[in-house]
Amino acid sequence: MLKRIICLASAVLFFMLTLCGCYDYSDIESELIVSGLAFDLAESKSGEQLYLVTAEVVVAGGSSDGGASSKSEIIQNADKTPLAAIKGMMKCSSKKLFFGHCKLLILSEEVAKNGISNVLDLVFRDRELRFSMEIAVARDCSAYELFSVSNAMNTIKSYEIVRTVKAVEKMHGTAVSVSVNELLNCIHNGSGAVKTPYFTIEKSVDGKDLYFLGGVAVLKKDSLYGYIPSQKSIFCSLASDEFNSGTVICSIPSSSFPFTFNVVKSSTNIDLEKADGGGVLTFNIDLSVSFAEIPEDMPYFSYTDADSLVNQISRYVSDNVFAVVKDTFDRYGADIFNITPKLAVFYPRYLSSFENLEKFLRTLKIKVKTNVSVEENGLSGENFYSESENG
């Protein structure tokens, strides 16, 4: 009987602890919530290279109407490694740094060129840092400067930048947001390369410093290799089948003004025809488009006019996707379109016949076929396609 009472009491105590206890509880007032981290390179007085780590932290503030609000401040520290810099930052702070809500890692151009493994090593060492954090590159400016400029008022800059990428991705397909987990999978288990958003700082009309999403940065293996600007990066999204919908501004022969069309639906498939010395890689792009407005000088009164317009859009997309894919393969030997993992499933022996991935990509003949259909134009029910290829 005594043994049963002891067992019952132990079980009750166990469930009370699991339901009401928290082994690592800490008061939020004793912590600084880190919303983003920026990594730059600096030099010590002796000329030694250091990592300058900047943390944007969320602090409580007051609004003009007397209510509660949040704002951000930055704290910095430099040391020989990113981990040492963060540890030094925590020692100097009167409060503990909490990384559970850190949404963004920004790498300066110099850090990205030197190799990102030292920075990403932090994610594995700190259990609070999440693999879902997004990555961006700062071009022609320091990474920490992006925490000092803004396109909005009274916001947390890191969260604002993350929202900017997602909003522009949805509206224009300029750049697709990339998490730490996605980056690592692409580099180590996928195509060996990845594209990440990059930001620049420019002057606005009224002279203020604002950040802009410039396009995508090309990361290959562990390092930054180059950039693709926004006017071309949209075609990267089309080639990699990551462009779902959005607005495209283009120049076509039948109008002297820039022409805008909306992509309602988009899908891209790839085919490979094996050949000695290098195969033929075909991108099959299907677009469903609509027109918000037709320029005044563009004829659009008959079936023939409508068909001509759709044909010009098809040619425009094919030519630009071809140019971006071909240039990326030739210039960087990097598959930022994630095609090689797909091809490896069906053509493993063929891919293994090449010495390395770069040689395979540079010997490929590229072909792009774009099929365009217009939603509810009322003039033509036909689909048009165009092709662009080497030679």
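Reader: What should I keep in mind about the model before we start?
Author: This is a predicted model, in which local features need pLDDT of at least 70 and side-chain atom pairs count only at pLDDT 80 or more, while totals for chains, interfaces and linings use all residues. Residues are numbered from 1 along each chain as its sequence is written, and side-chain values use heavy atoms, with hydrogens and water left out.

Reader: How many cavities of 30 Å³ or more turn up in the whole structure?
Author: The search finds 1 cavity of that size, where a cavity is a set of points on a 1 Å grid over the protein atoms alone at which a 1.4 Å probe fits but cannot get out. The largest cavity holds about 30 Å³ of space, the volume being the space filled by probe spheres set on the points, which are joined across faces, edges and corners.

Reader: Which residues line the largest cavity?
Author: The lining is made of Leu 104, Glu 134, Ile 135, Ala 136, Val 165, Ser 177, Val 178 and Pro 197, lining residues being those with an atom within 4 Å of a point. Strand β6 (residues 134-138) gives the most, with 3 residues; strands (E, at least two residues) and helices (H or I, at least four) are DSSP runs numbered from the N terminus.

Reader: Switching to helices, how do α2 and α4 cross?
Author: The axes of α2 (residues 82-92) and α4 (residues 117-125) come within 8 Å and cross at roughly 60°, with axes taken as lines fitted to C-alpha atoms over the stretch in contact and angles running from 0 to 180 degrees between N-to-C directions. The two helices are therefore oblique to each other, the class left over once angles under 35 degrees count as roughly parallel, over 145 as roughly antiparallel and 65 to 115 as roughly perpendicular.

Reader: And which residues make that contact?
Author: Pro 82, Leu 83 and Ile 86 of α2 meet Asn 118, Val 119, Leu 122 and Arg 125 of α4, contact meaning heavy atoms within 4.5 Å.

Reader: At what angle do α7 and α8 pack?
Author: Helix α7 (residues 230-239) and helix α8 (residues 303-332) pack at about 90°, with their axes 9 Å apart, which makes α7 roughly perpendicular to α8.

Reader: How many aromatic pairs are there?
Author: The structure holds 9 aromatic pairs, counted when ring centres of Phe, Tyr or Trp (its six-membered ring) lie within 6.5 Å, with planes under 30 degrees apart called stacked, over 60 edge-to-face and the rest tilted. The rings of Tyr 198 and Tyr 227 have centres 4.8 Å apart and planes at 65°, so that pair is edge-to-face.

Note on methods. 1 Å grid on protein atoms, 1.4 Å probe; cavity = no way out; pocket = protein on both sides within 12 Å on 5 of 7 lines; lining within 4 Å.
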